[in-house]
Amino acid sequence: MKRNIPLILAFVSGLIVIFSEFIPHRPFSSIVDSLQEWFMIISGFAMLLGVMSLLRMNAAKVSTRSPDWQYHLIGIISFGLMVLMGALWGMEEQAGILGQGASISAWLGKKPFDYTYTHVFVPLSATLFSLLAFFIASAAYRAFIIRTLESNLLMIAAVIVILGRTGFGTMLTGWLPESYRFWHLPNLADYIMQYPNTAAQRAIMISAALGVIGSGLRIILGIERSYLGGDK
Amino acid sequence: MSVNTSSHTERRIVFLIIFLAVMVPLIFPIGWGSEVSPIARMSYDLIDETPAGKYGLISFDYEASTITELQPMAVAQIEHAWSKGQKIIATALWPQGPQMAEASFAEAKRNPAYADKEYGVDYVNLGYKVGGIVTLQAMGSSIRDVYPKDSSGKNWDDLPMLKGIRTLKDLAWVSSLSSGVPGLKEWVMIAHDVHNVPVTGGTTAVSAPGFLPYVNDQKQLHGLLGGLKAASEYEMLIDKKGPATTKMDAQSVAHIVILLLITLGNITAFRRKRAKANLTGGQNA
Amino acid sequence: MPDLMNTIGIWLAAFFTFCIFSFLYRDNPFYKLAEQIFVGLSAGYGLIYVVYSTIVPNLFAKLSQDFSGNLILLIPFALGLMMLTRIYPKTQWISRYPISIVIGTSAAISVMRSLKTDLLLQVGATIINPFQGSTASEISGNLLVIIGTLCGVYFFYFSKKQEGLAKIPSKIGVYFLMVSFGATFGYTVMARISLLIGRLEFLLKDWLHIIN
Amino acid sequence: MKHIYYLLIVLLLLQSAMLWANTTSSFTISDKPWDKGEALILNWNLPDGYDRLNLQKADSLMVYQDMELDEPLVSGFVDDNLDPDETYHYRLIAYNDALADSIFIEAQGQPKENWFYMHKLSFLLLFLILGSAIVFYVMAARRGKDFYIRRISGLDSMEEAIGRATEKGKPILFVPGISELDDIQTIASLSILGQLAQRAAEYNTEIIVPCRFAMVLSAAREVVKEAYLKAGRPDAYREDRIFYLTDDQFGYVAGIDGIIVREEPAANFFLGSFYAESLILAETGLSTGAIQTAGTANAHQLPFFVVSCDYTLIGEELFAASAYLSRDAQQVGSLKGHDFGKLLVILLIVVGIILEIAGQGWFKSFLMGAGS
């Protein structure tokens with residue numbers, strides 16, 4: 001009951017989806033769309049679980065005064081504040097419990113939820129994302145070292161493409177005569193992207209697809225069941 | 001992989017160098033142009049060869065997240081069209097588009113040469129309409145029916161420059177600055193394919209390859225601006241040291257610095273290897 | 001007032017930008033502060049967003065407008081509630097029902113999608129007459145695509161020891177992978193630098209007004 | 001006399017017009033086969049000599065409206081975006097300007113839902129072949145047949161990593177990717193987590209699993225709890241070390257970065273579906289000197305793992321890992337099925353290319369049918 005019914009459910013729902021791929025007739029033709037909508041709803045409910053896990057973990061850190069507990073307290077407050085603002089006045093054109101909050105919006109220039117989103121959340125997110133500029137440089141500095149044939153290929157391809165994407169590379173080989181246009185850096189970079197790169201990407205995609213097919217079938221057939229945990 | 005203090009310091013130096021490599025060119029622009037690609041030049045030629053007094057339409061089909069790449073294109077096209085005495089109609093298929101249009105016009109008017117350009121006479125901002133391709137189809141029979149009022153609520157009849165405009169066919173060119181759907185593709189399908197109005201446009205560097213097939217013999221797309229690089233090329237063509245040129249400078253400097261770092265990394269690695277080989281007798285160096 | 005609040009907002013944004021940048025030097029109180037605020041705010045944002053964009057319009061609004069016409073929606077509703085049984089250890093097993101439906105469905109969707117777009121279409125795209133190209137570089141490129149794809153797929157062949165002759169195609173496959181990794185890396189540099197340009201533009205333009 | 005002359009001309013014209021209109025013309029409407037009842041095929045056969053064609057469709061009030069057509073009308077037209085089982089009425093009008101005459105034919109049709117997408121035949125065949133191969137090898141393995149798996153170098157790290165963590169008394173960090181449970185990569189990652197957690201439990205080493213989605217969290221907890229049970233150490237299982245951070249991509253990354261620099265795990269595992277954050281995680285982990293193992297099937301992120309991690313599982317190796325580690329007969333059998341698929345792919349490509357060179361395009365178009 002605790003173990004077999006879930007396996008049957010996984011099998012039946014998987015089978016329905018597979019049938020619907022090939023059958024244009026109702027009810028199969030529309031089933032995948034509704035199943036995906038269901039998925040969003042279930043996942044939305046599940047979010048509450050996540051939030052509870054987060055709050056519980058932070059609360060434990062605060063109550064046991066573990067190192068850096070103050071920051072975790074601030075984390076709980078930030079969460080509470082965001083939820084409260086969203087619940088009271090809503091977001092964008094969505095109204096909250098207290099309606100659209102016209103007066104507070106007039107004072108802030110935006111709804112409080114949207115204000116926090118724009119001036120705190122977005123910059124945090126964008127700055128964290130921009131750390132990649134630093135990391136990509138340090139990774140190139142450290143990793144693109146002449147060693148084995150493999151690492152040399154990696155480095156050479158990277159250098160050609162980096163050069164080919166800027167004006168500097170264009171300058172470097174712009175003097176080449178028409179018959180040697182192939183070796184002009186932007187052209188060479190395009191060639192690498194278009195042919196050898198495509199080949200490798202394709203190989204990865206094709207074999208990974210086989211992996212997905214195998215794992216997927218194992219799940220549908222109930223062979224792969226680790227996600228369900230043990231019996232008890 | 002042992003990590004010691006020296007490699008921590010090395011990392012931090014690399015970070016600092018990258019930070020400076022991007023920031024310094026932004027503050028002190030160099031103005032390196034790059035070779036203008038034929039596709040970007042084609043886009044420039046379309047506006048350049050349009051006679052004075054004709055109408056161009058710029059559709060602002062993007063939002064704040066892609067401003068870095070697309071805004072410089074908008075400003076450059078506006079300035080270019082104004083320098084040729086053309087009039088500009090701004091529309092939008094994305095909700096944030098009208099704001100983007102307003103910001104672009106304001107930016108272009110900061111150039112003293114165009115400070116006297118007047119709303120309603122030299123340019124209008126008609127605003128955003130939902131519906132994507134359906135809206136464009138309707139504009140094919142009457143733009144006025146789609147936009148009875150502009151983005152600020154002014155009536156069509158109160159905007160003098162719109163007197164001569166009925167349908168898409170009355171436009172000399174259309175440019176869609178587009179970061180997704182609906183956008184450039186829809187404009188090509190309606191304005192070019194149905195009404196035969198030349199269409200050009202700009203996209204982010206990431207999505208540019210997907211539009212290249214439209215730049216073909218039938219000129220479904222009359223040239224294309226792909227990303228910051230193309231925007232900087234456009235600025236070069238209209239002789240402007242604008243934001244795209246500056247940002248492209250920062251890109252080029254950062255790229256060169258990264259290449260230098262790779263060279264430096266190899267020298268350091270080689271030295272370390274030799275030092276190690278010397279210690280062990282130098283047999284396997 | 002909104003103007004003042006906007007200015008305060010820009011200062012807030014600048015402050016948090018520096019908090020995150022400070023992590024590049026080392027972990028520090030400013031990063032810790034920003035990190036916890038970020039995690040808390042984004043979890044709160046996610047919850048509110050899901051309620052307003054999914055739960056209310058796709059479930060409650062539909063049920064309250066036309067209950068009998070949307071009876072089927074009671075199924076995901078019930079499954080969603082079943083997920084919440086994980087709160088108590090005793091009832092946790094009930095949550096396996098929705099999880100198994102979600103996994104069974106999405107496994108089948110993934111199988112079909114991978115088979116079509118990643119396998120069938122990629123195989124089809126590789127089936128070309130390599131000699132149809134008009135230039136030498138096009139023909140050589142086509143041949144590279146074919147050889148690279150075949151050797152690359154062979155590299156992932158697990159049920160044979162790759163030694164002797166069998167090692168050659170697999171080695172070639174690795175070379176293609178390395179070239180591709182290098183090229184992808186190089187291709188991404190520009191996009192990543194753009195992100196930093198965006199942040200610095202904010203600091204120098206919106207915050208400090210040094211550049212325009 | 002003149003009158004007769006005119007009359008004759010008029011009569012002649014009239015007669016030719018009658019002839020034109022009376023020549024057999026037809027207008028037939030049929031359901032488009034092998035679809036989900038969305039389209040009708042309109043065909044007509046008209047005598048030569050018309051100048052224009054006009055196609056009209058009746059709206060819901062049975063008023064005929066001109067149809068907006070993208071292409072010129074020749075002898076047929078496919079009307080799509082229709083609703084199944086509805087009756088649609090059409091009217092075809094052919095004008096002959098010189099004779100000032102027109103032909104006018106009406107017809108109606110009903111799109112029907114069919115029971116098979118014919119263009120997906122190659123797709124179905126491939127699915128059946130691959131599926132039966134996988135099932136066949138799984139069955140064979142179950143009956144005790146032993147299959148060989150070559151070494152996957154990316155997985156050599158596991159023992160080393162656990163050993164190092166135990167020695168240093170530091171935890172292991174496991175990140176199951178940033179996708180929901182609906183991504184098979186996440187599930188593959190969780191089954192590796194099961195193997196890893198079991199070994200960690202045996203060595204009494206702590207394992208930290210931050211999750212981006214609550215459903216992944218639920219499944220991860222089940223998997224780890226089961227692993228500790230298998231290792232005979234259910235008492236050592238600590239639920240609070242498997243936790244949710246936030247649904248936001250970069251918020252999640254900020255949290256993990258904090259864990260990496262503060263808890264300094266001796267080994268980091270990044271296995272599953274990763275996007276832009278791959279390099280942020282791997283570089284932060286590198287700065288603390290942890291042994292790093294990464295794996296993803298997202299090809300565009302592999303370069304960043306390759307340059308910053310000690311071991312990388314490339315593409316399918318992520319799906320093979322669990323079979324390799326557990327040596328579980330059924331998983332190994334399924335892997336053998338994937339390998340059959342690879343040989344099939346190689347065969348299809350080689351045969352296809354030979355046929356293409358020989359000018360036989362049918363094979364490719366049959367295969368690609370499913371893409372349309």
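## Legends to close-up views

**View 1. The side chains of Lys171(C) and Glu150(A) form a salt bridge, with 3.0 Å from N to O.** A salt bridge is counted when a side-chain nitrogen of Lys or Arg lies within 4 Å of a carboxyl oxygen of Asp or Glu. The model is predicted: local features need pLDDT of at least 70, side-chain atom pairs count only at pLDDT 80 or more, and totals for chains, interfaces and linings use all residues. Residues are numbered from 1 along each chain as its sequence is written, chains are lettered from A and ligands numbered from 1 in the order in which they are written, and side-chain values use heavy atoms, with hydrogens and water left out.

**View 2. Chain A meets chain C through 114 residues of chain A and 115 residues of chain C.** Contact here means heavy atoms within 4.5 Å. About 10600 Å² is buried between chain A and chain C, 79% of it on carbon and sulfur atoms; buried area is the accessible area (1.4 Å probe) that two parts lose on being put together, summed over both. Between these chains there are four salt bridges and 19 residue pairs in polar contact, both residues at pLDDT 80 or more. The side of chain A that touches chain C draws at least two residues from each of several helices, including H1 (4–22), H2 (28–63), H3 (69–89) and H5 (112–143) of chain A. H5(A) gives the largest share, 23 residues. By class, this side of chain A, where it touches chain C, has 81 nonpolar, 25 polar and eight charged residues. A polar contact is a pair of N or O atoms within 3.5 Å; within protein, one must be able to donate a hydrogen and the other to accept it, and residues adjacent in sequence count only if both atoms are side-chain atoms. Ala, Val, Leu, Ile, Met, Phe, Trp, Tyr, Cys and Pro count as nonpolar, Asp, Glu, Lys and Arg as charged, and the others, Gly among them, as polar. Helices (H or I, at least four residues) and strands (E, at least two) are DSSP runs, numbered from the N terminus.

**View 3. Asp68(A) and Lys32(C) are joined by a salt bridge between their side chains, 3.3 Å from N to O.** The pair crosses between chains: Asp68(A) lies in the loop between H2 and H3 of chain A, and Lys32(C) in helix H2 (residues 29–65) of chain C.

**View 4. Chain D contacts chain C with 64 residues, against 54 residues of chain C.** The area buried between chain D and chain C is about 5400 Å², and carbon and sulfur atoms give 74% of it. Four salt bridges cross this interface of chain D and chain C. One links the side chains of Glu222(D) and Arg86(C), at 3.3 Å from N to O. Residue pairs in polar contact between chain D and chain C number 15. H10(D) supplies 14 residues, the largest share of the side of chain D that touches chain C. That side of chain D, touching chain C, divides into 36 nonpolar, eleven polar and 17 charged residues.

**View 5. Six strands of chain B form an open sheet with parallel pairing, in the order S3-S2-S1-S4-S5-S6.** Two strands pair if DSSP finds at least two bridges between them. S3 (123–128) and S6 (225–226) of chain B are the edge strands; each has a single partner strand, so one side of each lacks a neighbour in the sheet. S2 (residues 87–92) of chain B runs parallel to S3(B), joined by five bridges, and Thr91(B) stands opposite Gly127(B) in S3(B).
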